[in-house]
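Thanks for coming, this will be brief. I will go through how one chain is divided, and then how the two sides of a contact are made up.

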Amino acid sequence: MSKKLVNAIADMREEEALKLVREMVEGGSKPVAILDAAREAMAIVGQRYDEGTYFLPELMLAGEMMNQITDIVKPELAKLPEIKRHGKVVIGTVEGDIHDIGKNIVSFMLDVNGFEVLDLGVNVSPQKFVEAVRDFRPQVVGLSGFLTLAFDVMKETVEAIKTADLRDKVKIMIGGGQVSEEIRKYAGADAYGKDAMAGVSLAQKWVGAK
Amino acid sequence: MEKQLSPEEKLEALWQGKLSPKDPGGNPLPFQSSEAEKAYKDRILRFKDAIQMKKLPDRVPVTIFPSMFPWTNAGMTVQDAMYDYGKCAEVFQNFVLEFEPDVHWGAYAPGPGKLYEILDYKLYSWPGHGVAPEHCYQCNEGEYMTANEYDALIQDPSGFFSHVYLPRVFGALGGFQMLPFLPGILEMYGVALNFIPFGLPPVQATYQALFEAGAEALQWIGAIGGADGALATFGFPNILGGFTKAPFDVIGDTLRGTKGIMLDIYRQPDKLIQAMEALVPLMIGMGIANAQQTGNPLIFVPLHKGADGFLSDEQFKKFFWPTLKEVILGLIEGGCVPLPAAEGFWNTRLQVIQDVPKGKTLWMIDQSDMADAKKTLGKNACLLGNVPSAMLHLGTPQEVRDYVKKLIGTVGKDGGLIVCNGAFFDHAKPKNVKAMVEATKEYGVYK
């Protein structure tokens, strides 16, 4: 049953997947087992995105299926089970910029690849990044930006983290729109990622995950 | 019956009109000098020849297609550029006279801030309304059309925009929701009933806002259009005729939003395709009407959600390209030159989008590989681009010169290239932008 569920989700058969989940709940399957199967499917989705067979429609639909499945299963659970994570990442679109498509994909891909992600949203001030680094204690910070104004704000954000004496606690990656190696040097970040998978690889490298 | 003009004749009429500019009174435009008049005509012909790919122009044309750069460079905030129309126009005029691109695109990017206030525009955040004074306006993505409204859009696209979409994105246009169904005003019986809504306070308030917005738009265009006229007398033509969009982006950008349209690809693909087809004639009509109104043949088509990484090749071929191609062909049929802007990376799409008639379109290329673009799309279409924003912002004039020289060598040596920035930019070093123009004039001469 759970193998069928993994395949239904991974192959984008939404109706079938939700029907299976309801049947499993009614048949007394453990909620944790259902969520495990869903997560296994998400990892396959992430892998297919990485290989270039899946794109935005699949990521968005996978995310929707995951939300719906969690909603069905939640009432059966005292609390959502803790998952073992490789490491923590704080991510956000820098101040002045409200573009979020690219940032959301990176968030999703980090999550399905086993990272605990704190997504600060869009238009995030350097100060908010600093506070998140201090409180959430991530190993990695991801700065996203689509507009040319983001170049300077990325630089300011990196500097704010430095001023708060936190620069040596985190690796900083940047990405989005017109971001390039030139911008990476200018901003003082550790690396730039051309796409979501590059972001995941950087985070994996930095926390020493596979 | 009047003779129907062929697409080529319609386009040629626009070019000829452009070459014989008129002042607002309808008389021949008085140029500042005979040199300015010659430069004006040379610049238009240089552009036209590059686009049509029939004969080489005298040199590779160069232009700057910025977003807010002319104003940020002059030390103005975006907020000031949006609210002080006279200053906005003056700064733009000085920008063109200083940087001397062959053609310009007008001072239309900032737009009238006051008008958006009058209409309570919710689709965008702009300086003073959600973003800082020095930053550019940005779109607030959302589901302005719900998943179950496809039938309403398909059956009556214009009615959907007026009765449903506009009231959602403009707070002041709520009265449009109460408008009568206009085809109901068919004969005497029933006419009066259909006029009842116009007596209701919310509808009257909406019309009041429209009158105010209209007056504001007139003030704005007086200033901005004035800059176009003044620049023409100095020999610098505005080449932009207006804009339209790919049907997939119409739905994905401002109706359903990115998430909505991506889910619809799986949940209701047939409805999505039907809706895009219903939008095709509207998008063609919008472009042709713009070109006729402005007398400029180039119709800008910004492309967003067909870029590499958004869709698979199959999805691109099934959902994005067919209706975009119909819009492109329809614009050509109407005597326009479509100018699609392939924003971001389009490397995986080049094989598909090269299927356009030769010499009829101009493609703005951002970060795609220019050599590959030349071998595919570039066989049939002139390419506009692609000096990177990052280089203009952080590079040196020498790096820009080297980039332009290489671009002309690889892409421009047999024509079919117009040098330009690859993506819209708000910030750059002015000396880098100048280097782009000067290097093209130096290295781009055809012998």
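Chain A is split into domain 1, covering 2–76, and domain 2, covering 87–207. This is a predicted model, so please take everything I say as computed from it. Taken over C-alpha atoms, the centres of domain 1 and domain 2 of chain A are 28 Å apart.

Where the two domains of chain A touch, domain 1 puts in 8 residues and domain 2 puts in 6 residues. Which elements give two or more residues to the domain 1 side? They are α3 (31–51) and α4 (56–73) of chain A. Of these, α3(A) gives the most, with 6 residues. Sorted by class, that side of domain 1 of chain A, the one touching domain 2, has 5 nonpolar, 2 polar and 1 charged residues.

Now the contact between the chains. Chain B contributes 27 residues and chain A contributes 21 residues. On the chain B side, at least two residues each come from α12 (257–267) and α18 (389–394) of chain B. The largest share of that side is from α12(B), at 6 residues.

What is the class make-up of the side of chain B that touches chain A? There are 14 nonpolar, 11 polar and 2 charged residues.

To recap the elements: α3(A) is the top contributor to the domain 1 side of the contact with domain 2 in chain A, and α12(B) has the largest share of the chain B side that touches chain A. That is what I have for today.

Notes:
Residues numbered from 1 in each chain as written. Chains lettered and ligands numbered in written order. Predicted model: local features only at pLDDT ≥ 70, side-chain atom pairs only at ≥ 80, totals over all residues. Domains from an automatic or database assignment. Contact = placed C-beta atoms within 7 Å. Helix = DSSP H or I, 4+ residues; strand = E, 2+ residues; numbered from the N terminus. Nonpolar A, V, L, I, M, F, W, Y, C, P; charged D, E, K, R; others polar.
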